[in-house]
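Subject: Structure handover

Hello,

Here is the structure we spoke about, followed by notes on what turned up in it.

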Amino acid sequence: MGGEEIQFFQSREQFFGCYPDRQANVNLTTGTGIAGPYTGTITATPIKTGRVLISTVDTNGNALSATDAATNGTFIGDVAAGSTIDYATGVVAAITWSAIIDAGEPIRVQSINYQAARPWAMLFYNDQL
């Protein structure tokens, strides 16, 4: 009474086959000849926690990257402490790299957003919903 049926999955492959994570790859900003801080906004929001990767190349051609620390919106990797993301608004702030980024060098972000809505399916995997 009053409920609606939803799909129930126990296989990650079947679940993500029906409901794939779609990754957005965009240029967040460009280097200015300094290590930072850099800011920008990801437009596809809200963003899944633990699913953000920021990357660039330093002046020596070395790849630099940082990922979000799943729950608190901070980054770990080749960035200084204090680099953050707001998952609701997409604002990325205070990204300071461990090396200098050439002027014009793209700073890219890969993220996965979601649309908040009533669930149509559920995945029970590794003893978690």
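This is a predicted model: local features need pLDDT of at least 70, side-chain atom pairs count only at pLDDT 80 or more; totals for chains, interfaces and linings use all residues.

Asp 127 has a positive phi of about 60° although it is not a glycine. With a relative accessible area of 68%, which is over 50%, Asp 127 is exposed.

The segment after β10 also holds Phe 124. Phe 124 has 31% relative accessibility and so counts as partly exposed. Together with Phe 8 and Leu 129, Phe 124 forms a nonpolar patch on the surface, and the accessible area of the three together is about 340 Å².

Ala 94 is another residue that is not a glycine but has a positive phi, again of about 60°. Its place is in strand β8, and at 30% relative accessibility Ala 94 counts as partly exposed.

The core

In soluble globular proteins, nonpolar side chains tend to be buried together. Here, the largest nonpolar core has 19 residues. Those that touch the most other members are Val 52, Ile 54, Phe 75, Ile 85, Val 92, Ile 95 and Trp 97. Two or more residues come from each of β4 (47–57), β5 (63–69), β8 (91–95) and β9 (106–113). The most comes from β4, which gives three residues.

Leaving out residues up to four places away in sequence, Ile 54 touches Leu 28, Leu 64, Ser 65, Ala 66, Phe 75, Val 92, Ile 95, Trp 97, Ile 107, Arg 108 and Val 109.

Salt bridges

How many salt bridges does a search of the whole structure find? The search finds three.

One of them is between the side chains of Arg 118 and Glu 4, at 3.2 Å from N to O. Arg 118 lies in the loop between β9 and β10 (121–123) and Glu 4 in the segment before β1 (7–9), so this pair ties together parts that are 114 residues apart in sequence. Arg 118 counts as partly exposed, at 34% relative accessibility, while Glu 4 counts as exposed, at 57%.

Another salt bridge joins the side chains of Lys 48 and Asp 21, with 2.6 Å from N to O. Because Lys 48 lies in strand β4 and Asp 21 in the loop between α1 (12–18) and β2 (23–30), this pair ties together parts that are 27 residues apart in sequence. Lys 48 is partly exposed at 25% relative accessibility, and Asp 21 is partly exposed at 26%.

Asp 21 also forms a salt bridge with Arg 51, and the closest N and O atoms of that pair are 3.0 Å apart. Arg 51 is in strand β4 and Asp 21 in the loop between α1 and β2, 30 residues apart, so the pair links distant parts of the chain. Arg 51 has a relative accessible area of 37% and is partly exposed. Through shared partners, the salt bridges join Asp 21, Lys 48 and Arg 51 into one network.

Apart from neighbours within four places in sequence, Gly 90 is in contact with Gly 40, Thr 41, Ile 42, Thr 45 and Ile 47. Gly 90 and Ile 47 are 43 residues apart along the chain, and their C-alpha atoms are separated by 7.1 Å.

Ser 83 lies in the loop between β6 (74–77) and β7 and is buried, with a relative accessible area of 1%. A polar atom of the Ser 83 side chain lies 3.0 Å from the backbone oxygen of Ala 80. Not counting residues up to four places away in sequence, Ser 83 touches Gly 73, Thr 74, Phe 75, Ala 93, Ala 94, Ile 95 and Thr 96. Ala 94, with its positive phi, is therefore among the contacts of Ser 83.

Cis peptide bonds

A cis peptide bond joins Gly 36 and Pro 37, with omega about 10°. Pro 37 is found in the loop between β2 and β3 (38–41). A cis peptide bond also joins Thr 45 and Pro 46, with omega about -5°, and Pro 46 lies in the loop between β3 and β4.

Regards

Terms used. Residues are numbered from 1 along each chain as its sequence is written. Side-chain values use heavy atoms; hydrogens and water are left out. A nonpolar core is a set of buried Ala, Val, Leu, Ile, Met, Phe, Trp, Tyr and Cys residues joined through side-chain atoms within 4.5 Å. Buried means under 20% relative accessible area, exposed over 50%, partly exposed in between (1.4 Å probe, protein chains only). Helices (H or I, at least four residues) and strands (E, at least two) are DSSP runs, numbered from the N terminus. Contact means heavy atoms within 4.5 Å. A salt bridge is a side-chain nitrogen of Lys or Arg within 4 Å of a carboxyl oxygen of Asp or Glu. Patches are made of residues with over 30% relative accessible area and no salt bridge: like charges are joined within 9 Å, nonpolar side chains (Val, Leu, Ile, Met, Phe, Trp, Tyr) within 5 Å. Accessible areas come from the Shrake-Rupley method with a 1.4 Å probe; for residues, only the protein chains shown count as cover. A polar contact is a pair of N or O atoms within 3.5 Å; within protein, one must be able to donate a hydrogen and the other to accept it, and residues adjacent in sequence count only if both atoms are side-chain atoms.
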